[in-house]
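Trainee: I would like to go through the labels given to this model and ask what stands behind each of them.
Mentor: Go ahead.

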Amino acid sequence: MSAPHTMTLDQVIDTTRYPLTDPENPEALAVLERAHRELGELGCTVLPDFIRSEYRQILEQECSAIAPRAHFDVETVNVYNIEIDPALPEHHPGRTTFQRGNAFVARDRVPKGALISRLYSHREFQRFIARCFGLGRLHELADPLSGLVLNVVEPGMEHPWHFDTNEFTVSMLTRQAQSGGDFEYCPNIRTPQDEHFGDVRDVIEGRGRHLVRRLPLRPGDLQLFKGRYSLHRVSPVRGEHARHSAIFAYSERPGVIGSVSRTRQLFGRVLPEHLAAEGQSVRGDRLLD
């Protein structure tokens with residue numbers, strides 16, 4: 001079972017509830033107002049039942065079929081996904097490590113005809129996402145491996161506490177874990193000017209539960225998230241099958257390509273495009289990562 005090649009947004013997305021192509025529609029204006037408010041206050045908003053119910057089984061089946069193509073590797077990481085530096089102060093949160101056991105299917109291993117591929121590249125979908133974030137335009141990443149990926153968390157594994165390198169993330173759960181696999185986050189725990197190391201340390205050492213929100217997600221929900229400023233994780237997955245989620249990565253700038261070190265960490269390989277772009281990226285802040 002797969003998505004028909006004549007797929008339209010009206011077929012796949014509940015466009016009555018989310019009128020992507022009619023931004024002046026009262027329903028669309030209400031969606032955008034809520035997205036702006038929640039992203040500003042909480043750094044996160046969820047559009048429930050974004051995918052119509054009759055397409056959720058296709059979504060799950062297609063992603064389950066490509067999940068074995070993921071690069072699996074258990075790594076020792078910290079919340080900043082940087083090298084563990086023994087020169088850091090004794091109580092610095094960057095000295096605390098976790099075992100990262102989630103895996104990623106790279107973009108070049110996701111079929112172009114898959115529903116998530118066609119959504120990712122759809123101009124109306126992109127324009128809608130940009131409006132939700134209050135941005136003029138979004139660009140697909142030029143990175144041949146990142147941009148669109150499938151995140152796979154097998155039973156017994158987790159995606160531990162971390163920050164994203166990009167300011168915003170768009171994701172969609174395609175298969176729930178039988179147990180566990182909860183998305184947890186700390187809204188705006190840091191700012192472009194202040195790392196708030198004390199709060200970050202409290203969360204990762206278990207003393208900051210008052211800073212943590214747990215977000216219920218179901219397959220077909222669309223999640224918009226400012227992951228650069230909100231510490232977040234997927235808790236350990238339990239049961240007999242993996243948790244799958246599609247990650248749609250865009251940028252305000254064209255031509256964005258990931259670093260060699262981060263690309264190799266996530267996908268186990270790099271391509272000539274990564275080597276050619278190394279050292280050319282410019283960060284918009286001075287956060288650790």
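Trainee: What makes the contact of R17 and D49 a salt bridge?
Mentor: A salt bridge requires a side-chain nitrogen of Lys or Arg within 4 Å of a carboxyl oxygen of Asp or Glu. The N to O distance between R17 and D49 is 3.6 Å, so the pair meets the definition. R17 lies in the loop between helix 1 (9-12) and helix 2 (26-42), and D49 in the loop between strand 1 (44-47) and helix 3 (53-66), so the bridge ties together parts 32 residues apart in sequence. Helices (H or I, at least four residues) and strands (E, at least two) are DSSP runs, numbered from the N terminus.

Trainee: What do these values rest on?
Mentor: The model is predicted: local features need pLDDT of at least 70, side-chain atom pairs count only at pLDDT 80 or more, and totals for chains, interfaces and linings use all residues. Residues are numbered from 1 along each chain as its sequence is written, and side-chain values use heavy atoms, with hydrogens and water left out.

Trainee: Why is R17 called partly exposed?
Mentor: Buried means under 20% relative accessible area, exposed over 50%, and partly exposed in between (1.4 Å probe, protein chains only). R17 has 34% relative accessibility, so the label is partly exposed.

Trainee: Which parts does the salt bridge of R269 and D108 tie together?
Mentor: The closest N and O atoms of R269 and D108 are 2.8 Å apart. R269 lies in the loop between helix 7 (260-267) and helix 8 (272-277) and D108 in the loop between strand 4 (103-105) and helix 4 (115-120), so the tied parts are 161 residues apart in sequence. D108 is partly exposed at 42%.

Trainee: Are R218 and D221 buried or partly exposed?
Mentor: R218 is partly exposed, with a relative accessible area of 42%, whereas D221 counts as buried at 4%. Their closest N and O atoms are 3.9 Å apart, and the two form a salt bridge. The whole structure holds 18 salt bridges, and E158, D182, E184, R209, R214 and R233 are linked in a network of them.

Trainee: What is known about E184 in strand 10?
Mentor: In strand 10 (residues 183-186), E184 and C186 on one side and F183 and Y185 on the other are all buried. In a regular strand the side chains alternate between the two faces of the sheet. The bridge partner of E184 in strand 13 is R233.

Trainee: How do you know that strand 10 pairs with strand 11 and strand 13?
Mentor: Two strands pair if DSSP finds at least two bridges between them. Strand 10 has 3 bridges to strand 11 (residues 213-215), in the antiparallel sense, and 4 bridges to strand 13 (residues 231-234), also antiparallel.

Trainee: What makes R190 a charge over the ring of F163?
Mentor: The definition asks for NZ of Lys or CZ of Arg within 6 Å of the ring centre and within 35 degrees of the ring normal. R190 lies over the face of F163 at 3.7 Å from the ring centre.

Trainee: Which residues have the most contacts inside the largest nonpolar core?
Mentor: They are F50, F125 and F248, in a core of 49 residues. Helix 5 (residues 123-133) gives the most to this core, with 6 residues. A nonpolar core is a set of buried Ala, Val, Leu, Ile, Met, Phe, Trp, Tyr and Cys residues joined through side-chain atoms within 4.5 Å.
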